[in-house]
Amino acid sequence: MTNDKSILISAKKITKVFRAQGSLEGLEVLKSVDLDVYRGEALCIMGNSGAGKSTLLHILSTLDSATIGHVLFAGQDLSKLSQAALSQLRNQKMGFVFQFHHLLNEFTALENVMMPLLIAGESFSNAARSAEKILNDLGLKDRKSHRPSALSGGEAQRVAIARAIVREPQVIFADEPTGNLDQKNGQIVQNVLFDLNRKRGVTLVAVTHDFEFGRRFPRVKTLRDGQWF
Amino acid sequence: MFELWVISRYIFSRRGGFFTPVSVLAVSGMMLGVAALVVVMAVVSGFESTLRNAIVDLVGHVYILKRGAALEPLEEMEPKLKSIAPEIRGLTPFVYVEGILTKDGKVGGVAVQGLDSVAVDQALGVKKRLVEGSFVIEPDAQGVPQAVIGQALKRKFGLKVGDLFSVALPRTSAQSSSGGFKARVARFKVAGVVDLGMHDFDKRYVLTSATSAQNLGGLGKRYSGVRIRISEAGLAQDVSFRLSSELGMGYVVRDWVDSKRNLFEALQIEKVIIFIVVLFITVVACFNIASSLLVTVLRRFGDIGIFKALGMPQWRIMRLFSYQGLALGAVGAFGGVAIGLLVCWLIVSTNIIYVPSEIYNIDHLPVEIRIKDVSWIVAVAMALCWISTLWPAKRGASQAVVEGLKYDER
């Protein structure tokens with residue numbers, strides 16, 4: 001759902017070529033792709049495996065860079081930012097949910113959720129208070145002291161969502177967030193993400209090849225062989 | 001703070017923590033290197049201190065000899081010397097003559113030092129070195145001069161407490177029928193035996209009263225010089241220089257280092273060389289720590305990707321792994337110090353290592369642990385360790401986010 005029509009992220013002529021080490025020939029995964037993401041909208045990028053949807057998501061979210069083309073975030077050209085500035089941008093304004101939960105095994109659910117706040121320089125007590133509130137909101141009150149290995153797949157993914165939103169980001173990038181979950185847990189995760197989009201106005205950019213999940217988005221774009229279909 | 005919190009978890013993790021075989025081996029290597037340095041430095045320092053104490057106890061921190069004329073009475077000299085060097089804590093006059101000891105057909109050169117039995121404690125520490133008999137240097141009831149001798153001298157001549165021996169002093173004489181020499185001979189009774197701490201001293205020195213030495217040397221009431229104790233051995237060169245400048249050409253002023261200057265200078269150079277050579281063990285250990293850290297970094301590729309995705313900048317990730325390497329190094333360095341101190345304690349308490357005194361001047365391996373030496377060892381080991389962690393830490397920090405996340409999915 002689009003709350004206002006201002007552009008948050010704008011990708012211009014994005015081309016991505018992967019080259020094997022020592023090889024001159026490359027694999028062109030994205031071919032001059034344009035995309036505008038509006039503030040507060042929920043956008044789904046769909047496509048078959050190898051279509052380039054995850055690569056595009058990584059480029060939009062500063063986790064990777066384009067071979068050609070550039071991305072503007074809130075009007076700021078990301079190619080002109082230093083690595084430190086990109087790190088700060090990710091920490092302050094972006095949240096990530098991946099197919100695999102990517103939680104840190106040596107830390108409890110609560111500590112994992114505290115991480116973005118601690119990286120930002122928050123005190124341990126403040127970070128713990130904020131993280132605990134979000135875990136409670138997501139129904140994980142009883143799981144906060146558990147390590148990732150002691151959580152179910154759905155719980156781990158919800159902890160990952162809690163970690164993604166604890167800094168109240170402007171946008172959440174979700175890369176196949178339900179890909180590793182059964183139908184029931186998949187539904188729970190989907191509902192959480194859409195609630196965040198609707199109730200908090202967080203922009204949601206998701207990548208999936210799951211039609212059922214994709215159908216719930218107001219705007220869906222499909223990639224095929226590195227180009228919009 | 002955040003980085004320390006993270007590494008505190010990593011350290012006790014089964015995944016690339018402290019207790020993996022690679023880390024344990026690396027830390028053990030560091031411990032051995034540091035322990036070797038601690039022991040070697042303690043032994044060299046101990047050797048240096050043993051020699052210094054032996055010299056200072058026998059000749060004082062500083063000593064003054066008078067050229068030609070007789071030395072002024074001590075009552076006159078003392079205020080003058082103290083005004084030049086307020087560091088002076090005590091003085092004792094002494095007589096020094098060299099002669100030949102004869103006993104049952106055996107002959108050997110000796111140095112006879114005549115001391116004031118009361119004032120001797122103010123400047124010298126020979127009394128505390130007594131190992132047999134008593135420190136009596138005044139003539140006995142029958143008027144026989146008594147002497148305290150070094151223990152090597154005792155062994156060499158087979159002397160016992162109560163034995164008599166003769167010391168002859170060759171003097172040139174025109175009236176002599178034996179080619180211009182006329183011996184002045186005195187008999188001494190062994191009252192005690194001292195361990196002077198250095199074989200050179202032990203085999204040569206005969207300590208007696210100033211009067212007995214003056215009689216032997218035919219010096220009348222003249223003293224050879226004054227032995228001086230000052231507040232700190234390290235100030236001896238400075239005090240000696242000031243006294244020499246102020247007293248002028250009529251006096252010779254020497255400090256304890258002058259007695260064995262070449263040896264002490266060689267020791268200083270040796271200490272530095274030994275430190276550098278043994279340090280190579282620590283350098284090799286640091287390479288092991290670097291490789292152990294590299295293994296940790298490789299195993300943490302996933303975590304690095306996560307931290308980067310969450311917005312942790314590259315330099316902080318580098319710092320994170322650098323701290324982990326330093327923590328390994330700190331365990332190695334402080335563990336090594338503990339092992340080194342234990343070995344030093346064993347050396348001292350068991351006295352198990354025999355040293356031939358004829359060669360090394362001492363008969364046991366001396367040990368002295370100096371805080372300054374240990375601090376240097378720890379500082380250098382930690383600095384080397386920190387340098388060795390930089391490359392693995394940089395390698396980890398510069399890894400692409402997406403690659404790290406892919407690694408975490410395995």
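A residue counts as buried when its relative accessible area is under 20%. B:Q399 has a relative accessible area of 7%, so it is buried. This is a predicted model.

**Chain B: fold and shape**

- Chain B is built from 15 helices and ten strands.
- The globule rule gives 22 Å for 410 residues, but the radius of gyration of chain B is 31 Å, well over that value, so the chain is more spread out than a compact globule.
- The C-alpha trace of chain B spans about 110 × 45 × 35 Å along its principal axes.
- Of the contacts in chain B between residues at least 6 apart in sequence, 78% link residues at least 24 apart.

**Chain B: surface and charge**

- Buried residues make up 52% of the 410 in chain B.
- Chain B has an accessible surface of about 18,800 Å². Carbon and sulfur atoms account for 61% of that surface.
- Chain B carries 45 positive and 34 negative charges.

**Where chain B meets chain A**

- Each side is represented in the contact: 24 residues come from chain B and 24 residues from chain A.
- About 2,300 Å² is buried between chain B and chain A. Carbon and sulfur atoms give 67% of this area.
- On the chain B side, the residues that lose the most area to chain A are B:W5, B:R9 and B:L310. Together they supply 27% of what that side buries.

- B:Q399 sits in the loop between α14 (371-397) and α15 (401-408) of chain B.
- Setting aside residues up to four places away in sequence, B:Q399 touches B:F301, B:I304, B:G305, B:K308 and B:G404.

- A:L135 lies in helix α4 (residues 124-137) of chain A.
- Beyond its neighbours within four places in sequence, A:L135 is in contact with A:A109, A:L110, A:V113, A:L140, A:K141, A:K144, A:V159 and A:A162.
- A:F173 is 38 residues from A:L135 in sequence. Their C-alpha atoms are 19 Å apart in space.

Conventions:
Residues are numbered from 1 along each chain as its sequence is written. Chains are lettered from A and ligands numbered from 1 in the order in which they are written. This is a predicted model: local features need pLDDT of at least 70, side-chain atom pairs count only at pLDDT 80 or more; totals for chains, interfaces and linings use all residues. Side-chain values use heavy atoms; hydrogens and water are left out. Helices (H or I, at least four residues) and strands (E, at least two) are DSSP runs, numbered from the N terminus. The radius of gyration is taken over C-alpha atoms; the globule rule is 2.2 Å times the number of residues to the power 0.38. Buried means under 20% relative accessible area, exposed over 50%, partly exposed in between (1.4 Å probe, protein chains only). Contact means heavy atoms within 4.5 Å. Accessible areas come from the Shrake-Rupley method with a 1.4 Å probe; for residues, only the protein chains shown count as cover. Lys and Arg count as positive and Asp and Glu as negative; His and the chain ends are not counted. The place of a charge is taken as NZ of Lys, CZ of Arg, CG of Asp or CD of Glu. Buried area is the accessible area (1.4 Å probe) that two parts lose on being put together, summed over both.
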